[in-house]
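Me: I'm new to this one and would like to go through it slowly. Can I start with a single side chain and then ask about the rest?

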Amino acid sequence: MILRRITEAFRRQDWFTVAIETLIVVLGVFLGLQVNNWNEARAAEARKAEIVAALVTDLKDATYVMEQAAIPAIDAGLADWEAAFQRGETPAPYYFRMDGSDIPPNTWSVLQQMDIIGLFDPVTIFDLNMYYSEMDGVGRKYIRYVTFVEDDILPYEPGNPGYFYTDDGAALKPQFRASMDRLREWRGEMSRLGRWANCLADRLDAGTHPEMSCLRADPSISAESLLALPQPEPPHEP
């Protein structure tokens with residue numbers, strides 16, 4: 001209809017009508033594009049809000065497992081073992097095993113498939129990538145630890161505590177002491193990953209655009225912080 005009116009106006013050389021009709025067409029196209037852009041922006045914001053909510057839930061769930069379940073259980077178990085050992089007993093090496101899967105779900109891989117790169121600032125993307133990569137690496141360490149437990153401790157635990165000790169009974173054999181040392185290290189890594197997850201969850205909740213990653217902002221999150229962990233007591237003499 002509009003094109004027919006413009007054509008007729010051209011034939012009559014009615015330039016005012018041509019200008020008005022052309023302006024209407026241009027405004028219509030412009031408004032249509034703007035409405036489309038607004039709809040796409042709203043959809044992108046809604047998608048980002050859903051992804052942020054899912055990320056925050058995942059980070060807080062991980063923190064809960066680490067800080068409220070794994071770490072207290074490890075601390076209590078190591079303390080009980082040490083107390084029994086100091087009393088002159090020969091308890092089996094303390095070990096920690098989790099119910100269900102031994103490694104966390106591969107959340108970062110799923111998020112990458114959802115093409116989230118354009119939804120967050122580069123610092124946050126870097127931080128999330130580093131966190132989930134570290135989580136995966138620490139999970140692989142736990143696999144190696146628990147494999148030793150299942151192959152070299154569990155089969156000999158029932159009714160044979162002396163198997164784990166040197167001939168004089170004064171100390172655990174090196175491989176079993178090393179297993180408990182690896183558990184202490186893993187406990188420390190869980191603690192720093194919990195702080196990292198809390199930092200990320202707080203930033204995502206607040207919608208901030210940080211100047212530096214959580215890893216750089218909090219030195220206690222770095223792997224070097226594990227060097228400051230308390231060292232185990234040396235074995236006692238019976």
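Me: Is D136 buried, exposed or partly exposed?

Reply: D136 is partly exposed, with a relative accessible area of 36%; buried means under 20% relative accessible area, exposed over 50%, and partly exposed in between, using a 1.4 Å probe and protein chains only. Before going on, please note that this is a predicted model, in which local features need pLDDT of at least 70 and side-chain atom pairs count only at pLDDT 80 or more, while totals for chains, interfaces and linings use all residues. Residues are numbered from 1 along each chain as its sequence is written, and side-chain values use heavy atoms, with hydrogens and water left out.

Me: Which residue does D136 meet in a salt bridge?

Reply: D136 pairs with R140, at 3.0 Å from N to O, where a salt bridge is a side-chain nitrogen of Lys or Arg within 4 Å of a carboxyl oxygen of Asp or Glu. Both residues lie in helix α4, four residues apart, which is about one turn of the helix.

Me: How many salt bridges are there in the whole structure?

Reply: A search of the whole structure finds 10. One of them joins R187 and D75, with N and O 2.8 Å apart; R187 lies in helix α5 and D75 in helix α2 (residues 15-86), so this pair ties together parts that are 112 residues apart in sequence. R187 is partly exposed at 22% relative accessibility, and D75 is also partly exposed, at 32%.

Me: What about R192, which partner does that one have?

Reply: R192 forms a salt bridge with E134, and their closest N and O atoms are 2.2 Å apart. Because R192 belongs to helix α5 and E134 to helix α4 (residues 122-153), the pair links parts 58 residues apart in sequence. R192 counts as buried at 2% relative accessibility, whereas E134 counts as partly exposed at 26%.

Me: Changing topic, how many disulfides are there?

Reply: The search of the whole structure finds one, a disulfide being a pair of cysteine sulfur atoms within 2.5 Å. C199 is joined to C214, with an S to S distance of 2.0 Å. C199 sits in helix α5 and C214 in helix α6 (residues 214-217), so the bond ties together parts that are 15 residues apart in sequence.

Me: Why is that disulfide called left-handed?

Reply: The torsion about the S-S bond of C199 and C214 is about -85 degrees, so the disulfide is left-handed. C214 is buried, at a relative accessible area of 0%.

Me: Stepping back, what does the overall fold consist of?

Reply: The protein has six helices and zero strands, where helices (H or I, at least four residues) and strands (E, at least two) are DSSP runs numbered from the N terminus. Buried residues make up 34% of the 238 residues. Among contacts with a separation of 6 or more, 74% are between residues 24 or more positions apart, a contact meaning heavy atoms within 4.5 Å.

Me: And where is confidence lowest and highest?

Reply: The average pLDDT, which is the predictor's confidence in each residue from 0 to 100, is 81 for the protein, and 79% of the residues score at least 70. Confidence is lowest in helix α1 (residues 2-12), at a mean of 57, and highest in helix α5 (residues 174-206), at 94. Over residues 226-238 the pLDDT is below 50, although this stretch has 21 contacts in the model beyond near neighbours in sequence. Where pLDDT is low, the predicted coordinates should not be read in detail.
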